[in-house]
Structures are given as C-alpha cells and as structure tokens.
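Here's a quick briefing to read with the model open beside you. Take a look at the fold first, then work through the points below.

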Amino acid sequence: MSQRLGDLLVKEKVITQEQLDRALMEQKRNGSRLGSVLVKLGYVSDEDVTNFLSRQYGVPAINLSYFDIDPSVVKLIPPETARRYQILPLSRVGASLTIAMVDPTNVFAMDDIKFMTGFNIEPVVASEVAILQGIDKAYGDTHEEDLEKVMADIGETDADVELQAGDDDELAVSELEKSAEEAPIVKLVNLILTDAVKRSASDIHLEPYEKEYRVRFRVDGILQPIMTPPLKLKDAIISRIKIMAKLDISEKRLPQDGRIMLKVNLAGKRKTLDYRVSTLPTIWGEKIVLRLLDKDNLRLDMTQLGFEAESLAKFEKAILKPYGMVLVTGPTGSGKTNTLYSSIARLNTPETNIMTAEDPVEFQIPGVNQVQMKEQIGLNFAAALRSFLRQDPNIILVGEIRDFETAEIAIKAALTGHLVLSTLHTNGAPETISRMMNMGIEPFLVATSVHMIVAQRLVRRICKECSEVVEVPYQTLLESGFSPQEAKTGKIRKGRGCGVCNSTGYKGRTGLYEVMEIDDDIRELVLVGASAVELKKKAIEHGMITLRRSGLIKVMDGITTMEEVARETVH
C-alpha cells in the first residue's frame, strides 16, 4: 500500500523521489505508515495524504476536525478495537454504520466490526494522525503521545488516586497495591514504558525529590527530562513498577533488582520488551532505573559497529585465533556487550561450543550456552568458569573480570587452548595491562595469554536530515589533533536540529575503537613492567589508532561532531 501511495505522490509531483526514498528508510526503521512519516518529515500536509488515500482506494475522504461524532455511535465499538484497527465510528443511518479508516482495504477490520455491531460497514478514509486524535477525543483515553497532555489528563483524575496522609512508612501494603492498580496509574506507567521505546531510550529514570517527581530518559547516551508527574502519585507509580517487576512493595529500605517483560503492539508491530529494574532508597523515596533491553537495537554485524577498516581486520584476526584472551574495555554504557555479542555471532557455528557467564544475560543468542550469575547462591564468574572448563568449550565469554580469582581462571583457560572473551572497566587499552597486574596477575601470564585489547566509547551520530557544514577556525582544528593537511581541507559538519532528531542535531550512536595488538615488542615491555604511557607509545608506533584519532576520523567523515569526540576522549 505505502509504495503505491508514495509512487502516486511522486507522479503528482507533490514530493520528489529523493524525499520518498528518505521517508521509506525512516518508515522501515520505525514501522510507521508512510503517510504519517511524510507528514512528520514535513514533506506533505495531513490533508494531502487524506486526499491521495481517497483517490488510491476510491473511497470518500473526510476531514475529522470538522466532523461532530455521535456519542451513541462511539459506544458501538470498544476503544481497544478502535485503536487496534485505527478506525473511528462516525454515524449510523438505518442498518449502515460509517467508519473512518486509515486503510479501507482492511477487510479483517470491516468483518470484525460488522460481526460485532450487526451493521453494514461504509468506510471513509482519513489520515492516521487525525484518526488517533479522534479516538483520544471520542473515548477520552490517556493514550496521547503528547506527555504534557497526558499529565493534564492524569491531573484531572488525581482524586481517584489520593493516598493516605502521613509518613510514607505508615502506608499499608494493601493501600499501595490498590492505588498501584488504579486505571490512571496503570496507563501512566504503560505510557512511560512504551514512550521510552518510541524515543529509542536506553534507560528510564524515575526520581523523587522534595517538591517534584521527575522522569528522565537516556537517549543516545544523554539524559533528557521528559515529564514531572504530580508528587502525590509517587508511591503509586513506584508500587506499580514493583508489582510488574515482581518485587516486594513493602520493602522500601533496601535496594531491589527485578525484571519486567512486556508484549506490546507498537506502530502495528508486535514487540517483546525487556526491562531490567533497579530500585534504590534515597532521602525522598525510592529512585527507580529501568534499563531497556531492545533486541531491535542490538547490532550483530561487526561492520556496523564503527570500527575503522584496519582496526576491524585486526580484531577479527584476534577472535578467529583458536586460543588466547581478547579483552574489551570501557566505562559502563560504552557498548562493550554489543561488541562481545557481535564477536560471538561471528564465531557461532555448529562446530563450536560457546559458553557465556553473564550478569545479567541481556540478550538470548540461539546456539550459545548462556549462564546467568546468581551471587546469592554462590554462582559467580569464578564458579561458572571452573564449571565451563569441564564442559568441553571452544569459546568462553566472561561478562566481566572483577577480581583476581576470575582473572586467574580466565587466563588459565586462555593458556590451555580456549578462546576467552571478556570485559574490564579501564580508560584505554594500554591501561588494561596495568590494571591486570594491580589485580595480582603475574606479568608473564598477562604477556602470554592476552592477544588483544580493545578500548571503546560511544558518540552520538549527526542527524542525517539536518546535517550541514560549519566553519571551524584552522587553529582550533590543529589543537584538536587534526594534521595541517586535514585542518585545511576538512569539512566539519553539525546537526542543525529538526523534527526527526527532536531538535538535538543527533540521531543514533556509533563506536570509537582503540585496538591494541599484543605483539612481541609489546610483550617484552609487559614483561619488564613498562608503564601504560610506554605501552601506548609503542602501540601507536605499530599502527594503533587511538580513541581520539578514531573520533577525528569520524569527524572528517561527517559522522559525528568535535564536541562529541572531546566529551568522550582525551587528547
């Protein structure tokens, strides 16, 4: 359907072929209807889409903003059915019911409604935006994407969720459960969880303060304020999330961890959403952070991660070796897990036995034996690793090397014919060697077992829709680390800010990589206890691209900005 609509709009010269291609790419990415995408990108008006849909299907068009809907007709179709099929009942004459539809060719919807109401169905066409707004207006629901509007709606229903006065600790568990199950709270929490997916957020923060309750999303690595629900709803919201995550709602003094699994229908696509939930008692109440694990955001194609060509070649060579250790380092949220999963996806063949010890298992990969750590019963990384060695593995992935015991077993595994992949929290590749020695590992063991260390960071990508060349002084470019030749000829780009990127100028993220091969010269330096500075100097001599250099290459290629590179790397 969408392809035909697009072709029609191009044929009528309403949009260009280039605009259609761009819209189809955006549609593929977020699963929306083509008409909605074209309106969102500003290429056509809502009215244009409605008129073209009308001509395309040979069905009358209607402008819903000028139409008064009969309230008695609205009651004929339940709100969930109206939302599912994106339809709106308008009027009834005799045995005929007129309904507005986004897609008048949807015979399943018409049959369903005919069966439900007992009337003959007369379809008219309207745009998706108009129908969704009409549904919200007609059914008075809070499924509104405009969060300020939602809070206004919730505000009107405050009386329904009035909590007992007095100290938080005196609030009865039964009262908490009751308030958590009330409709406005359920809708608000569902809205927060699904809106995070629509905005491609990685984390949701719900934070109580003395005079406000704040909700923030981490989008592309940056926290953004989203909404401030009324403070009196704080306990009900916290309880609702705890109930969903199967946590103890009466326990407010200790941190708790849980998980929420949801099946939702977003933009016509069925999705399974997985949230890791962490609660923490603060002085004004419990702060909740939900980490969204969205399989759709997991890139398992190593060429898409952001490696420079020569760095990727070195990395692939290291992970294809039959034994030894490959370490990926970087701070929390720098994409280490994604890099390791990509490596495993590359190595996952029927001939290999891959074992992973993770805390937690973020994504399930078919054909890989993944083990979830459970510290409370003694199943930690060291215990799992010992068991792995009795399971005839080819490749072992250790979620994180945190202590001497885990490091020692991992190194022994690497020296006895296994490929070991793991992560460490260090700032750069050369510093990782020093960190392992500080843990108590002998220099000769580090030198012989470790084949490669990859340090990585994530930087935001410039939004393709509003990217433009900006003037940067020659001296500034030199000081940032560009060569004189690059500073003269380079074209530096920046995002202007548009509807697609929420006026930030950035959309999506890419990786910066520092890939350090442990060759014979570096092994000798490790054995004599050389410092991280000396190791780095030698690695650069041998062709290592540093994190800063990886960033500057991406600035030259128009992928990211100098500000992003400066934020994540040191000169």
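Let's start with Gln86: this residue is buried, with a relative accessible area of 14% (buried is under 20% relative accessible area, exposed over 50% and partly exposed in between, using a 1.4 Å probe and protein chains only). Keep in mind that this is a predicted model, where local features need pLDDT of at least 70, side-chain atom pairs count only at pLDDT 80 or more, and totals for chains, interfaces and linings use all residues. Residues are numbered from 1 along each chain as its sequence is written, and side-chain values use heavy atoms, with hydrogens and water left out.

- Gln86 is not a glycine, yet it has a positive phi of about 55 degrees.
- You'll find Gln86 in the loop between helix H6 (79–85) and strand E1 (87–93); helices (H or I, at least four residues) and strands (E, at least two) are DSSP runs, numbered from the N terminus.
- Asp220, also not a glycine, has a positive phi of about 50 degrees, and its loop runs between strand E5 (213–219) and strand E6 (222–227).
- Asp220 counts as buried, at 16% relative accessibility.
- Asp359 and Pro360 are joined by a cis peptide bond, with omega about 0 degrees.
- Pro360 sits in the loop between strand E11 (354–358) and strand E12 (369–372).

**Cavities**

- Searching the whole structure turns up two cavities of 30 Å³ or more. A cavity here is a set of points, on a 1 Å grid over the protein atoms alone, where a 1.4 Å probe fits but cannot get out, and lining residues have an atom within 4 Å of a point.
- The largest cavity has a volume of about 80 Å³, a volume being the space filled by probe spheres set on the points, with grid points joined across faces, edges and corners.
- Its lining has 13 residues, and Gly35, Ser36, Val49, Leu53 and Glu128 lie nearest the centre.
- Helix H3 (34–40), helix H4 (46–57) and helix H8 (128–139) are the elements giving two or more residues to that lining.
- By class, the lining of the largest cavity has seven nonpolar, three polar and three charged residues (Ala, Val, Leu, Ile, Met, Phe, Trp, Tyr, Cys and Pro count as nonpolar, Asp, Glu, Lys and Arg as charged, and the others, Gly among them, as polar).
- The second largest cavity, about 30 Å³ in volume, brings back Gln86, which lines it along with Arg33, Tyr85, Ile87, Met101, Val102, Asp103 and Asn106.

**Helices and their packing**

- Helix H12 (residues 234–244) is mostly covered, with 10 of its 11 residues buried.
- In helix H13 (residues 309–319), the buried residues are Ser311, Leu312, Lys314, Phe315, Ala318 and Ile319.
- Seen down the axis, the buried residues of H13 fall within an arc of 160 degrees, so they line one face of the helix; the arc is that of the directions from the helix axis to the C-beta atoms.
- Ala309 and Lys317, on the other side of H13, are exposed.
- The buried residues of H13 pack against several elements, including helix H14 (336–347) and strand E18 (506–517), where contact means heavy atoms within 4.5 Å.
- Ser342 lies in helix H14 and is buried, with a relative accessible area of 0%.
- Beyond its neighbours within four places in sequence, Ser342 is in contact with Arg299, Leu300, Met302 and Leu305.

Note on methods:
On a 1 Å grid over the protein atoms alone, a cavity is a set of points where a 1.4 Å probe fits but cannot get out, and a pocket is an open set with protein on both sides within 12 Å along at least five of seven lines; lining residues have an atom within 4 Å of a point.
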